[in-house]
Amino acid sequence: MKSGPTVRGTVIRIDAGQSLVDTPAGVLRCVPRGRLASDRPTSKRKDSRSQSPAEPTLAVGDHVAVVVLEDGRGAIEDVEPRRTKLSRRAVGSGKREQIVAANVDQLVIVASLASPPPSLNLIDRYLVAAGRGGLQPVICINKIDLAVVPAELAADLAPYEELGYPVHWTSAATGEGIPALRDRLRGVMSVLAGKSGVGKSALLTAVEPGLELHSAPISAATGKGRHTTSFSSLLRLSGGGYVIDTPGIREYTLWELDPSDLDSHFPEIARFAAECRFSNCAHRHEPGCAVKAAAADGRIPARRFASYTRIRNGLEDEALE
Ligand code: GDP
Ligand code: ZN
C-alpha cells in the first residue's frame, strides 16, 4: 500500500493490536510497523523467552511518528523517548511494573473537604509518587461548598505551597476555583488521582463541559473487573493539553521505591538529613539524628514527619515481602 506523509502524534488509546493516535491530521487508527510490530506484547509464551519483563512497546501518552496510509489509517514507525512514565504494580502479578502512561507532566492530587474527609497522608504518598515519576504535583481540595475550611487544614496545607506544590481550592458544584484549575491543566498532560468520590470526574466535567468520560461509576464491588483496557485512554482538552481519566490510576501507588530514597521526596526532611550523624540514618532511634530534632521543635512540621515515618515503614515492609 502506498503511504503518505509522516506526522507526529500522541497515543490516546490502546486496544488489542491497534491504537488511536491524535495527530494534526486528526485522530488516526494505527497499527505498529517494523521494529514496533515485531515486539508488540502478545502471548505469554512469547514473553517468557526473556526473563526481564520487556518494556511495553507503546503506552498511552507516547509521542510517535505515524505514516498516513492510503486508506486513512496510520502506521506507527517510531516512538520518541519517554520524558516521564507513570507506573504501578500490575494487577495480580506480583511486583511487575505496568506503565499506566508516558510523558505525563502533572499529577493532580484531588481530595475533598468533606465526604470523604481529606487524608493528608494519602496526599503525601501521592507527592512521593509524583516526585519519583518526575511529575509536577498539584494539590486540589474540592467540595469547598460543603463546609468552611477548618483553620487546621489551612495551616497543614500552607507548607506545601512553600515547598512548590500549588494548592487549588475548588467546587465542581458551584464552579469556584474552576477557571484557575482549567489554566493549570492547559497545554500539559495531566492525570487526576485521589480517593473515589472526591469529585475527579465532576472536576473534569466542570473544567470541560461535554468531555466524554468513559468510565462508569466505580464501586468497590466491581473493583475486580477493571483491568488494562479501562485505563488506556487520554482525553483532549479544547484549550490544549490532555487529561487521563482512568479508574486504573486511582490505585496508583508507589512502585518499588528504596526506603533510603524517601528523604529526597520530602524536601524539608532532606534538608536536615544531611546533618544526621549517620549518612544512612533512618531517622528513628539513631543518635545524632538532626531530622528528629527538627521535627521535635517544629522546624519540620510534625504531621509531615509522621507521614514520612508511616510511608517509610510501609516501604520497608514491602521490601521484605
Ligand atoms: P470521583 O470518584 O473522584 O470521580 O468522584 P465524582 O466526580 O464521581 O463525584 C462523587 C460525588 O461527589 C458525586 O455525587 C458528585 O456529584 C459529588 N461532587 C463532586 N464534586 C463536588 C463538589 O465540588 N461539591 C459537592 N457538593 N459535591 C461534589
Ligand atoms: Zn536522622
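## The loop between E8 and H3

Ser-115 is placed in the loop between E8 and H3. The model described here is a predicted one. The strand E8 spans residues 106-112 and the helix H3 spans residues 120-133, and Pro-116 also lies in the loop between these two elements.

Ser-115 has a positive phi of about 40°, although it is not a glycine. For context, most residues other than glycine have a negative phi, and most peptide bonds are trans. Is Ser-115 buried, exposed or partly exposed? Its relative accessible area is 47%, and Ser-115 is therefore classed as partly exposed, since that class lies between the limits of 20% and 50%.

## The loop between E9 and H4

A positive phi is also found at Lys-143, where the angle is about 65° although the residue is not a glycine. Lys-143 belongs to the loop that lies between strand E9 (136-142) and helix H4 (151-162). With a relative accessible area of 18%, Lys-143 is buried, because buried means under 20%.

Several polar contacts involve oxygen atoms of the ligand. A polar backbone atom of Lys-200 is 2.8 Å from an oxygen atom of ligand 1, and a backbone N or O atom of Ala-173 lies 3.3 Å from an oxygen atom of ligand 1. Ser-201 takes part through its side chain, a polar atom of which lies 2.8 Å from an oxygen atom of ligand 1. On its own, ligand 1 has 580 Å² of accessible area, and the protein covers 66% of this area.

## The zinc site

Which protein atoms are the donors of the zinc ion (ligand 2)? They are the SG atoms of Cys-276, Cys-281 and Cys-289, together with ND1 of His-283, and they lie 2.1 to 2.4 Å from the ion. Along the chain, the donors follow the spacing C-x4-C-x1-H-x5-C. Among these residues, Cys-281 and His-283 are buried.

Why is the arrangement around the zinc ion (ligand 2) tetrahedral? The four donor atoms subtend angles of 103 to 116°, and four donors count as tetrahedral if all angles lie between 85 and 135 degrees.

Conventions:
Residues are numbered from 1 along each chain as its sequence is written. Chains are lettered from A and ligands numbered from 1 in the order in which they are written. This is a predicted model: local features need pLDDT of at least 70, side-chain atom pairs count only at pLDDT 80 or more; totals for chains, interfaces and linings use all residues. Side-chain values use heavy atoms; hydrogens and water are left out. A polar contact is a pair of N or O atoms within 3.5 Å; within protein, one must be able to donate a hydrogen and the other to accept it, and residues adjacent in sequence count only if both atoms are side-chain atoms. Accessible areas come from the Shrake-Rupley method with a 1.4 Å probe; for residues, only the protein chains shown count as cover. Donors are N, O and S atoms within 2.8 Å of the metal (3.2 Å for Na, K and Ca); water is not among the atoms, so sites may look incomplete. Four donors count as tetrahedral if all angles lie between 85 and 135 degrees; four count as square planar and six as octahedral if opposite donors are over 155 degrees apart and all others between 65 and 115; anything else is irregular. Buried means under 20% relative accessible area, exposed over 50%, partly exposed in between (1.4 Å probe, protein chains only). Helices (H or I, at least four residues) and strands (E, at least two) are DSSP runs, numbered from the N terminus.
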